[in-house]
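Student: I would like a close look at the salt bridges in this model, with attention to one pair and its surroundings.

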Amino acid sequence: MEALNAQNPILAITMGDASGCGPEIIVKALASEAIYRQCRPIVFGDARRLQLAARIVKSVLHINRISSPCDGVYQYGTIDVLDFANIPEDLVFGKVDGRAGHAAYTYIESAIRHAMDNRVASVVTAPINKEALHKGGHNFPGHTEIFAELTHTADYAMMLAGDDLRVIHVTTHVSMIEAAALIKKDRVLRIIQLADRTLRLLGLKQPRIAVAGFNAHAGENGLFGREDVDQIAPAVIEAQKAGIAAAGPIAPDTVFYRASCRKEFDIVVVMYHDQGHIPIKLLGFDNGINVTVGLPFLRTSVDHGTAFDIAGKGIANSGSMIAAINFAALASIGARK
């Protein structure tokens, strides 16, 4: 199999849950001519559903069915679609349906295989519905876990990025009690290293990494908990010894201001789900993206759900999808250098 050539990277864009806003935001995003100047996008999905989405958003883009990345025309005005033809005509927008959940999984699984075989450089995902995914026979908590299992990756992390802030998580979809138990020196150190490696791909020569504390005031020297003193601080010290520009643990109530407003840091390592999600969504709800780092290839995603309440109405915002495509294209180019 031939490796990717020196042209713009090929990106696989999975259509997500066909009952949600995925088809619409993809069509809207690919109406941007600038995207075609930096990458070659392919949608992994259902061509007929995308045609319906194009009519809904009043787009004149042409849907081009292909069976391989080699068949794509990659020209502005045309959406190349690896067509699975697996969405029934009676599937309605805004409703949980196991058929849509199973179809969404097939797009993801195929995109992963293409990336592992070096037929695409990166994968960009539209949102899926977890209930529909489970009803379709695929019992995963979400995208991240699917990618980790199908790529046999044990060391991975979730990164969120917006216009003014980036965060990367030590723990995600667990309870606060479980999060406290998972915050160990080695785990924190691995996330710091993943943050450093990912930002270097984006062209930062010496990423400045802030490490948030877990407890109030970063534990106040053990007064409010031992995680900061016993686990986080030693991880930061070891990262510094390895030449990584890491600082912390820094009190969570100031670290995001210092990163987003004062521009002291390029990314914040956060200890649990909401510690990172709340500031990202507050600062840029429509333009935030989700990045899975540590995989054999880059995966980016919109940082929102399927929006069943507005799906099929043509009003879904495509800003996050555009940002996810742009980020994947930039990182894919950086990975080649």
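Student: What is the relative accessible area of Arg 190, and is the residue buried or exposed, or partly exposed? Please set the answer in the context of its salt bridge.

Tutor: The model is predicted. Arg 190 has a relative accessible area of 33% and is partly exposed, because the partly exposed class lies between under 20% for buried and over 50% for exposed. Its side chain meets that of Asp 155 in a salt bridge, at 3.2 Å from N to O. This pair links distant parts of the chain: Arg 190 sits in helix α8 (residues 185-201), Asp 155 in the loop between α6 (143-150) and β6 (157-161), and the two are 35 residues apart. Asp 155 is also partly exposed, with a relative accessible area of 31%.

A salt bridge also joins the side chains of Lys 263 and Asp 164, at 3.4 Å from N to O. Here too the pair links distant parts of the chain, 99 residues apart: Lys 263 is in the loop between α10 (252-260) and β10 (267-270), and Asp 164 is in the loop between β6 and β7 (166-169). Lys 263 is partly exposed at 41%, and Asp 164 is partly exposed at 39%.

Asp 90 and Arg 99 form a further salt bridge, with their closest N and O atoms 3.0 Å apart. Asp 90 is exposed, at 52% relative accessible area, whereas Arg 99 is partly exposed at 37%. These two residues and Asp 97 are linked in a network of salt bridges. The whole structure holds 15 salt bridges, including the pairs Asp 155 with Arg 190 and Lys 263 with Asp 164.

Key
Residues numbered from 1 in each chain as written. Predicted model: local features only at pLDDT ≥ 70, side-chain atom pairs only at ≥ 80, totals over all residues. Heavy atoms only, no water. Salt bridge = Lys/Arg side-chain N within 4 Å of Asp/Glu carboxyl O. Buried < 20%, exposed > 50% of the residue type's maximum accessible area, 1.4 Å probe, protein only. Helix = DSSP H or I, 4+ residues; strand = E, 2+ residues; numbered from the N terminus.
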